[in-house]
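Have the structure open as you read.

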Amino acid sequence: MNSRAFRRSAVAVAAFSASAIVLAGCAGGGGGQPSADPDEPITLTIATFNDFGYTDELLQEYMDEHPNVTIVHNRAAESGDARANYFQKLGKEGLADIEAVEIDWFAEAMQYSDLLAEAPDSVKGRWLDWKEAAATDGDGRLVGFGTDIGPQGICYRADLFEAAGLPSDREGVADLFNGDWENFLDVADQYKEATGKPMIDSANSVLQGIVNQIEYTYTEPDGTVIATDNPEIQAAYELVTERAVPNSAYAGQWSDDWFASMANGEFATMLCPGWMLGVISGNAPDVTGWDIANVFPNGGGNWGGSYLTVPKNGANVDAALALADWLTAPEQQVKAFTNAGTFPSQLKAYEDPTLTDATNEYFNDAPTGEILSERAEAVTVAPYKDASYFKYHDALQNAVTRVFDGVEDEQTSWDTWVAEVQAF
Amino acid sequence: MTSTATRPAASGPADRPSPERQPRVISFSHRVSKWDLKFSPYLYISPFFIVFAIVGLFPIAYTAVISFQNWDLVRNSGEFVGFDQYIWILQNPQFWTALRNTFSIFLLSTVPQLILAVFIAAMLDRNIRSKTFWRMGVLLPYVMAPVAVALIFSNMFGDNHGLVNNILTDIGLQPIPWHKDPFWSHVAIATMVNFRWTGYNALILLAAMQAIPRDYYEAATVDGAGAFRQFTAITVPSLRPTLIFVIITSTIGGLQIFDEPRMYDNTGEGGAAQQWLTITLFLYNIGWREWNFGRAAALAWILFLIILVIGLISLAVTRRLVRDEGGRGVTAPRRKGFRR
């Protein structure tokens, strides 16, 4: 009697309270005993950022199937906010039952894989091999449910290509860029000769594209730092500083000037993961020339993507795992793709006609579903990224930027990077 | 001066004997009221000190503890490493670049800001029409959100499509490399700081100026002193205590400058070659980008010591400068006081 009354009032509070996070957090500190009764009403909190495509309708579907579950969805504005929140509370209290983690800081989270709940065996094999491998820790525990990935094609301005005397139809451009990075930069030289303008949006996106195709970049799994001795990294740096820098409009992405240039035609190509399509159409809504070609220099490349994780000390670990399982199942991820353009990492999703038949009106009705599926299959290498990856990569990007800005020459800037890395 | 000389004679001994002369009926309520008299002032000010101990003193001490450790934020534990974190900071060239940038931005902002603030305050102190409107007007930038200010200025100081560079190229000049050259990036950031704080300081100085007795100015006018002479001989010397306050607070603020350099570009890391990396920004990068709170805590303590030293230096310098400059101006009324 007593406990029933308590339970009922607890449910009322939970259902009523918008700040259910706090409740979950408090309960989480209490030991997190999973409830024996599967029908017991519970509130699950899920924390994401940007737009995962988890609309209220999608979550309502789950709540209809599981009447005892109430889902509270909290969205952070950007992944940086989520990252700060995640590491300040992980292992303590206050995290949601399901927390989204971006690939950029997923390796940092994997350091604490023992604080995350393990995914059930039934979901293994759902994802692309490399996506799943990155979420499996040294003890073989799978602790992340893959959501989306960022297979890259090349976005280009058909009108500017035509003006430069280059092929401008999708197939023609795909043929043009079919080859290695040297070939990509050769085309950039041609474009510059014809128009006097840079073809590439930013030198650092080329660096990112190349580095994302190298398996061991800055560190090796045994912890050896190879950053400054790695011939592949040095070759990438030289190629970028010698050939991409003069052909790029900007050093890096995401500056105000860079955003403005998507509309004013200062550059003609961008390396384009699926989620970049929305960035372009959002920032250059009146430009009609943008298109996407089914090609990427030197094979395939992935940029970005996220995971869902379940903190181990949460109040409803089992129920949270079930929800994460459901959300990252191929059917739901395809719906998320329709909602927000987040390209699935689940193998089965690539057979779904909703995905394969998807087209993008802004990009000249390009069959984006088909193109991105093929780009996803072309990804063969998943770079090994440990927690220090972004520190090294960030510093190398700064080195490229210094050359681009003319602050330091190629060799000096490399030496500065070497010195910086040694101080880490 | 005159007041300190007269106070002991007037107040002290005359007041003190009165409680003792009262009849010695020590009732409980009497005792309570005695305690009340003795302790309640401390009780009334205690909330500040209790809160300060919790949110100020404890974190400061805890930071010191963390700064000697290799701290893991998530597991909330660390191993003792002695002064390693301090040594790492002091040996890192980025720290010295950050120190240089901080001082450069501090000088570029504080000096023009104070000169301008004194000037604006002097103007507002004169008889102008619609005083309140102008006074509120100078405070307007201060109430704007720093992020909004940074957005406006980042539009102005864009390298390629910025307002300033567009104007410069239109009239045939070279565009300024706002985000490449350290000096120009400091100028841009200092401009944002000045925009925000000049009006605030001007209002504080204005309040101090209005407290200066008008007789001085009348006497000076009779003596034939011009407006500029009156300003240097009367206004500036009388502002001394306020100027010290304003200089110390802007020194502390200037050395902790964070919002503006952080918002200066989209990455917020202080530039590829650390052109505008300040100490606080460096601290933030170490702490919240790399999660290395041991090093961040060590840097926080180094910054604390730097501010302490600079604060003392600027206090000493200000006291000296303002007294020496204004000595002659104030001496006349003072001497009068002594003769009386």
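## A covered helix

In helix 10 of chain A, the buried residues are A203(A), N204(A), S205(A), V206(A), L207(A), Q208(A), G209(A), I210(A) and V211(A); buried here means under 20% relative accessible area with a 1.4 Å probe, protein chains only. That is 9 of 9 residues for the run 203-211. Helices are DSSP runs of H or I, at least four residues, numbered from the N terminus.

A quick note on the basis: this is a predicted model, with local features needing pLDDT of at least 70 and side-chain atom pairs 80 or more, while totals for chains, interfaces and linings use all residues. Residues are numbered from 1 along each chain as written, chains are lettered from A, and side-chain values use heavy atoms, without hydrogens or water.

## Where the chains meet

The contact (heavy atoms within 4.5 Å) takes 25 residues from chain B and 31 residues from chain A. What joins R75(B) and D114(A)? Their side chains form a salt bridge at 3.1 Å, N to O; the rule wants a Lys or Arg side-chain nitrogen within 4 Å of an Asp or Glu carboxyl oxygen. Across this interface the rule finds 1 salt bridge.

Methods. Buried means under 20% relative accessible area, exposed over 50%, partly exposed in between (1.4 Å probe, protein chains only). Helices (H or I, at least four residues) and strands (E, at least two) are DSSP runs, numbered from the N terminus.
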